[in-house]
Amino acid sequence: ISPSTTLTWCPCSNGFFCAKLDVPLDYQNPILGRAFVPLVKYPAHANSSDGPYQGQMLLNPGGPGASGIDEALSTGALIQTVLGSNWDVVGFDTRGMWLSEPLADCTTNASSSQNTTFRARSVPRVSDEFYTSHIGFGKELGERCERTIGGQKDIGPHMSTAINARDMLSITNAFAETEDGKRASKPSHLLNYYGISYGTFLGQTFVSMFPGNVGNVVLDGNVSPEGYLTNFTSAAINHLDGAIASFFIYCNKAGPSSCSYYTGSTPKDIYRRFKRSFEQLDPRKAEAEHWSNATDLEAALLLLKVGLLTYADMPLTYFSTLTTVLQGLEVAISSQNISSWTQEMKTIFGDPTITGYEKLNPQWSLGTMCSDQNNVLYNKTLQELRPLLKDLEKESIIGEIWSHAELGCTGWSIKASEVFHGPFGGDTATPILFV
């Protein structure tokens, strides 16, 4: 698909249409170069029973780093059943990521070496190796990215949320000039948008920068803009333990016929069963006492915490999986075969080590997040990060797992050409729906 300054749709596959919008690389300096924003559309139905054609709804599934194009391809039809079949559902990839051009490509192959029940903080924690490996990897990745994409005409300085918000305005303005834009029932110069998680921060940034261009905007799973810009950590996990605890509650409600991890008669009985296994995975104690299986315990604890985070993020999808995971952990502990359980968990949740993290193209999320935060964590040491990590541990039994992205920011030196730090809010042309 050839880039165009107009929104030109081409049939691509299975009823979808694709386009690539030509926009300035740097809106503050338009002669610097060009960037190309890829889009995919699940089109409105002709002669829809839901009424006249409304216009387009843009999507962002979160991250930063998730693909809006993948979201439209996988859920466009579902979203349209909620919106109405008289809407186009449009996904796009943000700057430097996935199908966007220029692509931020600087990967490296190197690896660096409150009560007494559920919310008690005397729980197993990962060792410092988790933190130091992410910091070391982040510094190496950051140095490589500085060399390869850090120049003024490279993509590195042009991946911030403010710039992506300007891209959304460009998409909206381009749509208004199309035949579809001219026939839409909704004002085509206003952005219609559905954002999830980080997508809510992108949405809040857009509506704050361009309140007069706000159409029907839905923000789902909201991120505090102040919290995100500070460190995107503690404010994001305030209720994480509550989400994890829902497993014990609903396992109890489901009963033994639907939840094989069921035990006793109350949710607390199921929690106690979990706690007995959880407390066996203590790599800090194992390391201090020179246990031979300290490394295995570290890997198992990390994977269990990643599994709990995955459940908290998608409880309906992973409820039955978590019952199998926890039962398997009991067997592995009793048979002293933790390493086999760990390998099995990697097939479910992926590899949470640096080797697995590297495959996720972390420069995409770092290029946006670290830049949005004005690189405040650049060159910070583990000792300087201790207060933040302690706060995370106070927030959740798996709080430290949330830190890996911020640890990468310790190596990210590329400054954004534009950032927006508020004020957030304003008198928008249309009220916003927060979910």
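Predicted model: local features only at pLDDT ≥ 70, side-chain atom pairs only at ≥ 80, totals over all residues.
Student: How many residues line the second largest pocket, and how many of them are charged?

Tutor: The lining of the second largest pocket comprises 19 residues, and Glu129, Thr295, Glu298, Ala299 and Thr353 lie nearest the centre. About 390 Å³ of space lies in this pocket. By class, the lining residues divide into 8 nonpolar and 7 polar, and the charged ones number 4.

Student: What is the volume of the second largest cavity, and which residues line that cavity?

Tutor: The second largest cavity has a volume of about 40 Å³. β4 (55–60), α3 and β6 (191–196) each supply at least two residues of its lining. The lining residues divide into 4 nonpolar, 4 polar and no charged. They are Gln56, Leu58, Thr172, Phe175, Ser188, Leu190, Leu191 and Asn192.

Student: Are α3 and α5 roughly parallel or roughly perpendicular to each other?

Tutor: Helix α3 (residues 161–176) and helix α5 (residues 198–209) pack with their axes 9 Å apart, at an angle of about 70°. Angles from 65 to 115 degrees count as roughly perpendicular. The two helices α3 and α5 are therefore roughly perpendicular.

Student: In which hand does α3 pass α5, and which residues of α5 make the contact?

Tutor: The crossing of α3 past α5 is right-handed. On the α3 side, the contact is made by Thr161, Ala162, Asn164, Ala165, Arg166, Met168 and Leu169. The contact of α3 with α5 has 9 nonpolar, 3 polar and 1 charged residues by class. On the α5 side, the residues in contact are Tyr198, Phe201, Leu202, Thr205, Phe206 and Met209.

Student: Which residues of α14 make the contact with α2?

Tutor: From α2, the contact is made by Phe137, Leu141 and Cys145. By class, the contact of α2 with α14 has 5 nonpolar, 1 polar and no charged residues. The residues contributed by α14 are Pro362, Gln363 and Leu366.

Student: Where is Pro64 found, and what is the omega of the cis peptide bond that joins Gly63 and Pro64?

Tutor: Pro64 is in the loop between β4 and α1 (68–83). The peptide bond joining Gly63 and Pro64 is cis. Its omega is about 0°.

Student: What is the omega of the peptide bond from Glu101 to Pro102?

Tutor: Pro102 lies in the loop between β5 (87–92) and α2. The bond from Glu101 to Pro102 is cis. Its omega is near -5°.

Student: What phi does Asn47 have?

Tutor: Asn47 is found in the loop between β3 (34–42) and β4. Although Asn47 is not a glycine, its phi is positive. The value is about 55°.

Key
Residues numbered from 1 in each chain as written. Heavy atoms only, no water. Axes fitted to C-alpha atoms, helices over the stretch in contact; angles between N-to-C directions. Helix = DSSP H or I, 4+ residues; strand = E, 2+ residues; numbered from the N terminus. Parallel < 35°, antiparallel > 145°, perpendicular 65-115°, else oblique. Left-handed = near helix turned anticlockwise from the far one by under 90°. Contact = heavy atoms within 4.5 Å. Nonpolar A, V, L, I, M, F, W, Y, C, P; charged D, E, K, R; others polar. 1 Å grid on protein atoms, 1.4 Å probe; cavity = no way out; pocket = protein on both sides within 12 Å on 5 of 7 lines; lining within 4 Å. Points joined across faces, edges and corners; volume = space filled by probe spheres on them.
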